[in-house]
Each structure stands twice: as C-alpha cells, then as structure tokens.
Amino acid sequence: MIKLNKKTQFFLTIIFIAVIILLLFTAKENLNSYIVRIITLIGIYGIMSVSLNLINGVSGVLSLGHAGFIAVGAYISSLLTMSIYQKEAIFIIQKVIWPFNSIEMPFLFATIIGGIVAAIFAFLVGWPSLRLSGDYFAITTLGFAEIIRILALNLTSVTNGALGLKSIPSYTNIWWAWGWLLVTVIVIASYVNGTFGRALRAIREDKIAAASMGINVYKHQLITFVLGGFFAGISGSLYAHWLTTIDPRTNTIGIMLTFNILIMVLIGGLGSISGAIIGAGLFAILSEVLRFFEEPIKIFNFEIAGISGMRMLIFSALFVLIMILRPKGILGRKEITWNNVFSLFHRKGDK
Amino acid sequence: MSFNNFIQNLLNGISIGSLYALIAVGYTMVYGILKLINFAHGDVFMMAVYFCFYAVTLFTVPWWLSVIIAVAGAALLGFLIDRVAYKPIRNAPRISALITAIGVSFFLESLAVVLFSGVAKSFRKVFPSFLGEMIIIGGEEQVKYGQNVIVGGTRIPVITIITIITTAAVLLILWRIVYHTKQGMAMRAVSMDIPTTSLMGVNVNNIIGMTFALGSALAGIGGILWAIRYPQLWPYMGFLPGIKAFIAAILGGIGSIFGAVVGGLILGVLEIMIVGFFPSLAGYKDAFAFLILIVVLSVKPSGLMGQKEIKKV
Amino acid sequence: MMSDPILKLKNVTMQFGGLKAVDDVTFDINKREILGLIGPNGAGKTTVFNVITGEYVPTYGDIYYKDVIINKKKPYELTHMGIARTFQNIRLFKEQTVLENVMVAKHHILVTKDGEKDRKEAGEKPYDSSYKWFWKNTFRIGYSKMEKKIRDDSLNLLYDLGLKEEINHQAGSLPYGKQRLLEIARAISTGAELLLLDEPAAGMNPTESKMLMKLVQNIRDKYNLTVFLIEHDMKVVMSVCERILVLDYGKLIAQGNSSEIQSNPKVIEAYLGKEWRKIVS
C-alpha cells in the first residue's frame, strides 16, 4: 500500500481536473454534436447518481424520491429562465402565477434557486418521514415523487398541467454540466471524508451503536437528505435545459428516472462517489449502445423489427443480477483514490 | 350529496377497498415473514390480467377457465420470483433485499412491455357484458354499460356486488388455510421465528414459497376484478394499485391479515368519499393514500391493528 | 466510604406485556466506584442497562443522573450527558478501522452544544461545538486543525488501552478480546463519566480477563470514570468490583461487597436452586 502525502495528492487532483477539462474541450471541438450531447448528459447523470448515492449509499436509507426533487428543480429553474413572452405563449389553459409571470433570470441563479427549492422540499419530506423505519421511508419518498408528478399534472397555473413546459432555453452545455458535476463532487466528497462522513458510515453500519456514540441519527440523515435533495434540484435544472421540454405524462421525470439513477449507483457501487460517476457514464453509453435492439435490424434483405422496451428489460435484468451476485454494486464501496491507483501500478511493477 | 348517492359511493368505496384488501393481504403475509416489501407484488397483479386477457383472446378459452389459468399463473409467478430473486439474498441486509424487490418489479414491467407491448389494451368484451364496467366521467365514476341492480332507488352495478362477494369468499378460504391447516400453522410459525421453526423440521423455504404463491393468487383475483372495473391494461397498471395496497397494509398494521383487510376497506372508502364530497379534488385522488400514510405513521407507527415491536438491543 | 451518587434508580420497573423484566429496582451508583451487576441468565441485567441508556423508557419509577431525571432521554442525549456503554454482542463499526471507530465517538462533542455546556462546567473547553461544523467540514474552513486534535486524542486513548499496533486494522478483523477492548475505548472516547460495560470479559481467555481487570481499574483512575459492569466471570466480578448487585427474576435480591455476596443464602439459592442450598449449608 502506497501512501502519498496530502500535497502530492492535491497536486495530482489538480492535474487530473485539468486533463479532464482539456479532454472535454477537445471533444467539444472535434466530435459531432450528438456525441457532445451524450457527454453533457453523462455530466448531468453524474450529479444525479452522486447525490442519490450520498443518500442511499452513504447515509444508509433508501430514498425512492429522487425524481421528485429533480422535477422540482427542473420546473422551478425553467420557469425562471424562460422569457416572460414565452411563458405567456405556452400557458394557454391558465396564466402562470406571480412571481414567475414577471421574472426572467440568468441560468446560474435559476439553477441555484431550483436547487434550494428542491432542498426545501427535501427538508419537508425528510422531516416527518426520516423518523419512520427504513421501509416506510422508502415508500413515503416514493409517494412524494408520485405526489410531485400529480401536482405537475394538476397545478396548471404553475406547471402548465399536462401540456408541460416547452421551448425551455437550451442553456445546458458541456461546461455547465461538468462544471456542476465538479462542484457536486467536491462538496459531497469533502462532506463525506470528514467527521460527518465518519458519523454517517457509523449510522449505515449500526444505528443503535451510532446512537450510543452520541450521534443524533435522525438529524444527520436529515442533513444528508437535504444536501442530496439540493444537488438533485441542480441536476433537474440542467436536465430541463438539456431536454428543453418537460412532459409530466411521460416518464422523463417519473419513477423510471429514479430507477435509472438507482442502476447507475448500483453499477458503481453503493457508497462510492467515484463509482457513482463511472456508473453514470456506463449507463449513458450502454443505453445508447443498446438502442440497437430497439431499431429494425437488416440481415440480408430481411428486416427484423426492433423490440421496443428491450433496453429497459436488459437494464432491469442487470439490476437484479447485480443485487443477487454483488449486493454492494460492481465496484463495491471502494473509492478510486491516488493511493489505490499507485498501489495498483506498484504491485504490477513488483511482478 | 343525496342519500342514494352516498350509498352508491359507499358501496363503490367498499368494492375498491376490497380490491386493495386482496392485494394488501399478499404484501402483509410476505412482510410478516421476510420483513420485505415485495415491490413486485403489484406487477404480479398486472401479469395475471395479461394471462387472463391472452387466454381469452389468443387461445379462446372460456372466460371462467381463463380466470383459473390467470390465478394459477400468478401463483406460479409469485413462487418463481421468490425462488429466483429473493431466496439467494435471504441473509443480505434489508436494504439490499428492498432494492432487489424494486429491480424485480421493473424487470416484470419491462418484460411486459417487451412481451405485450407498451400500448394499452382494452379489456372490454373479454368477459360477458353483464359484469359491466366503470368509466370515469368528469371525475365521478359512473356505470357506462352492464347491468345494475336497483335497491330502493339506489343503482348498484353488478360488478360491485360480485367484487364484494368474491373478496369475502376468498378471504374466508384464506382464513381457513391460515388458521385451520398444517401449512397455515407453519406459515404463522415462520412469521414469528424462522430459525426455531426450521429446527422443528419445517422446510422454511417451501413455506415461504407457498406464502408467495398464495399472496400472488389473491393479487391475481384482485387484478381480474380490477380490470373488469377499469378495462384498460398496460404494463404499468400494477404500480399504483400495488403501492396503495401496501399503504393499506401499513394502515391496518403490517403483518396482520385482518389489518390488511381493514386498511384496504378504509383506504378505498376514504378515496371515493373524498372525491364524492369534494369533486374539485378528483385530480389529486392518487395522492390521498400517501398523505394518509404519512399521517397514520406519524401518529401510530405500528398501524391501526399492528402490535408494537420491541426493539432488540 | 462517603456516598456521592452519580446515578440513582428509584423503584424502576420495566414491563414488556405481562413480563416484568425489571421489577421495582432501587439502587445508587457512587462517583468513581466500580459496581458489578450479576445474576442468572435472563435475570434482566441487560434490560437494566437498556433502561439506563435510554433504549427503553421505564414503565414505572425514575432514574436520576447527576440529580436530573433521565427517564425519557434518548440514547444519544445520554451520551452527550456522559453515559456510555458497550454491548453484550459486540457492536463495533466492523468495516471501519480501529482508529476511525474511536474517532467517530468524538463527533458528537463537535456538533452538540449540550456536550460542550457540560464540559464548560467541568472547566474544559476542548471543542467549539455546534452544527456549524457541517459548513466547516464541507467547505474545509479551519477544519484540519480540529481533525488533527480528534486524531491525536484518539491515538492517545488507543495507546492507553494497548491497541497501538492495530490502529489501521479493520475493526471486524480483530480477535475477539481486542474487539471488546476497542468497544471500551470507543465508549471512553465519547467523553463518558459513567461507563456501562455489558459482559466485558465474555469470550476472553484467562490471561486476557486478568489484564482486563487491571485495565478497568487503570482507566477508572486515569479518566476519572464510574464503572458499572455486568459480568458472568465471577473471578472478574469479585476481584474488580467494590460493590456488587444481584438480580434475579428482575428483582434486586442482594447487594454488598464480594464476601457479603458470596455468603448470602439468597444469592446461592438464585444460582444453584433450593436443593443446593441444603447441601452447601
């Protein structure tokens, strides 16, 4: 096992980030817009999975409400960035209420406000439901996400009801997505690597023992849940400005989204931040590759029709298999750190 | 609301409530033994309806036979889910088991999309029309066709009566099985203490499998009655009724079969009554259950009939 | 000995359904005393611990800690006040290292004002306590100094308990005896004044339990602790405890020093049954 000192690690991290920026820049300049869009999506997915991983993997509760917070962030930020004229044009059933009818603001502020409102929702949901036992918490958060979807369909003067929001400005580019991912990772990693992280891991392993160490389990889980909700809101804003439409009738912001994020977290490993990002990348790439199954295939003049839904079937089968064979996720709880990376090379060098 | 209207709503609520009860019993039995929310239970409900649908439309089986096929299919499916997905992780942490259950649920839904397509299918005319069907007009449920029985000025759809009677009969049979057979006794023993029961020479895995099969069969019956009422079937139809039935099970006190039935009836009647009294809330109907859940759990975490668990340190 | 009780139980009863696991128990624990609790299996010893540490709320009676009623306090609040415990079936954070196990016990002092208030009265102010550490931790403002202090304090404690070699081992990989020691270290690390040890010598070999006896006395002196322990190993109890309580069927049947307990007929009866009493006498 190699142990590098803190300064070296910090220095290496700076270089690593610089390399990523350079790679993203090269990709943006040279690759076609379709691939650039996917790379942007990986950044957004990364934020989603890192924040869900904070709640489900680190603090040891199972939240199924992530899509709800994402939807809150998406709606709030979109309503804030869309021009007043635009809003008048699309809200045809009922006029949009104050303050949205008279506000238009830059993307950055709208995103932050989206995150804050999502965090407030997280507090309101977590406050009663984190007192419940784990299973009931899962059901309650699932219910919350469902309530958000029902509100989106019915609260016409805010959400435009079933018509959804259209022509949201497409502000989200590679830099916004990956910039916010960087912020998310830095904040969550330093939260988890300090004394709070130790307390959370203690809670995850044994609540009774953690309480006997003086840790207020409820309060720590609530803080974590709110922090996760904040970043879910941020990712929601980025997602909405990437999609440019929000349609509450389809599953873009429904339970299916939570499920997809859960797969990303599982591929990476419950509790590992680096794993969550890798999981997000693999999920985005896999779901593009597996598109192949859903498109018609031509073999010698015979056309075999694509089977729609095949991707989800493969993902859900993968999901169940991971849980049966490797319940802690493919990578487990291990983080990719400089020490681990160098130890790996070192060992190879020894041979 | 007139008196006749009230009675109509009440009966309507009871019949929806008995459907929740039928599904909730399966949840509560599995939870009582494994402490696992079997998220896939709602999807077994959905699968049973598809079995029934294809038995009639594709294989032109008489409708009564299709019911038997569907219920048997549901039971088998429940048994298989336990064997394939849950049995390997019996000793894993509860959070892993819960995540697996969610995965199985999505697997079944995706499988249904691939096998039966994601487009909704009509369940009309699968069953004889005297059973009738409900459609939703302006938020209020009304009978579109099918026969009604008129009692003292109150029109009662035949399907409402059939639902209530079937549920009562099925629950009576279940009660006989659980409290008056050897297998039922084994089930109750397993739900109290798995290691001790296995030391008594009971094959615990078989009993758990049987519980899954029994619960799934009930969900299958519930599914078919549901589809006659709301004659549209699609792969995600089991999600909401499933979640609501689980809430009903919690409401009544998870682990108690009687509690699940009471919880289901309360939830069904409340849902219909709230919309009946406040028609403007009809759009939010599906959100009530969750609000009720949060309120009940905050006031009495063990549910209405449940027993308080003693924390073991 | 001058009595200066730190903990008082007055007519405490803990009832589960029809079963009285603890039945009308009254006793005091004096400051800096080592008190033992013995009794046959199922006598309700661990339940007494669970009632004191807030896992259960007593059905009847009151518990006073430093003259404050603590009946309804939660376990973590009692740890803030200075009561810490170990568990009969070891509950370490097995996936974390030995050092982390001890460090996590300091976390509550960092974030809870209560803990600091108590310590201020005692004339110390080691930590600047509040949940603002959430921001300091997350954004690394003035955090590394505190982390170092927690680390140093924890290392010192581990040296004292003889776990110097194992600081970077996974807690779950330690041999049984050392796991018991680590659990004691972790409990002391919370800043405890009253230490409850639930069968600390269980699973230890004779050499280890001999060392444990010495250790309990040493830590009592060094960290100014009051120790209340449940133990089955009579050698340990008789040699280390200054006073012993005997529980049978939830009732306190005797108390006194080791020789008084050994000659008490009720105790012999509880352990060996009536027939044996005749034979012994």
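Colleague: What makes β2-β1-β4-β5 of chain C an open sheet, and in which sense do the strands pair?

Modeller: This is a predicted model, so keep that in mind throughout. In it, four strands of chain C line up in the order β2-β1-β4-β5, with antiparallel pairing. β2 (19-30) and β5 (68-69) of chain C sit at the edges with a single partner strand each, so one side of each has no neighbour in the sheet.

Colleague: How do you know that β1 and β2 of chain C really pair?

Modeller: Two strands pair if there are at least two bridges between them. Strand β1 (residues 5-16) of chain C and β2(C) have eight bridges, in the antiparallel sense, so they pass. One example is Phe16(C), whose bridge partner in β2(C) is Leu19(C).

Colleague: Which strands pair with β8 of chain C, and in which sense?

Modeller: Strand β3 (residues 34-38) of chain C pairs with β8(C) in the parallel sense over four bridges, and strand β7 (residues 194-198) of chain C runs parallel to β8(C) with five bridges. Both counts meet the rule of at least two, so both are pairs. To find them on screen, look for Ile34(C) with its bridge partner Val227(C), and for Asp198(C) opposite Ile230(C).

Colleague: What makes the size of chain C agree with a compact globule?

Modeller: With 281 residues, a compact globule would have a radius of gyration near 19 Å, and chain C has 20 Å, which agrees. Its C-alpha atoms fill a box of roughly 70 × 40 × 40 Å along the principal axes. Buried residues make up 45% of chain C, which has 13 helices and 10 strands.

Colleague: And how does chain A do on that test?

Modeller: Chain A has 351 residues, for which a compact globule would come out near 20 Å; its 21 Å agrees. The C-alpha trace of chain A spans about 70 × 65 × 40 Å, and 50% of its residues count as buried. It has 16 helices and two strands.

Colleague: How much of the contact in chain A joins residues at least 24 apart?

Modeller: Take the contacts in chain A between residues at least 6 apart in sequence: 78% of them join residues at least 24 apart. In chain C, residues 24 or more positions apart account for 65% of the contacts with a separation of 6 or more.

Colleague: How do you know which residues of chain A touch chain C?

Modeller: Two residues are in contact if their C-beta atoms lie within 7 Å. By that rule, 21 residues of chain A are in contact with 30 residues of chain C. α9(A) gives the most to chain A's side, with seven residues. By class, that side has 11 nonpolar, six polar and four charged residues.

Colleague: Which residues have the most contacts inside the largest nonpolar core?

Modeller: Ala24(B) and Ala48(B), in a core of 281 residues. Helix α8 (residues 204-229) of chain B gives the largest share of this core, 15 residues. Beyond its neighbours within four places in sequence, Ala48(B) has contacts including Ala70(B), Val71(B), Ala219(B) and Ile224(B).

Colleague: How confident is the predictor about chain B?

Modeller: Its mean pLDDT is 85, and 90% of its residues reach 70 or more. Over residues 134-143 of chain B, though, the pLDDT is below 50.

Definitions and conventions:
Residues numbered from 1 in each chain as written. Chains lettered and ligands numbered in written order. Predicted model: local features only at pLDDT ≥ 70, side-chain atom pairs only at ≥ 80, totals over all residues. Core = buried A, V, L, I, M, F, W, Y, C linked by C-beta atoms within 7 Å. Buried ≥ 20, exposed ≤ 12 C-beta atoms within 10 Å, placed from the backbone. Rg over C-alpha atoms; globule rule 2.2 N^0.38 Å. pLDDT = per-residue confidence, 0-100. Nonpolar A, V, L, I, M, F, W, Y, C, P; charged D, E, K, R; others polar.
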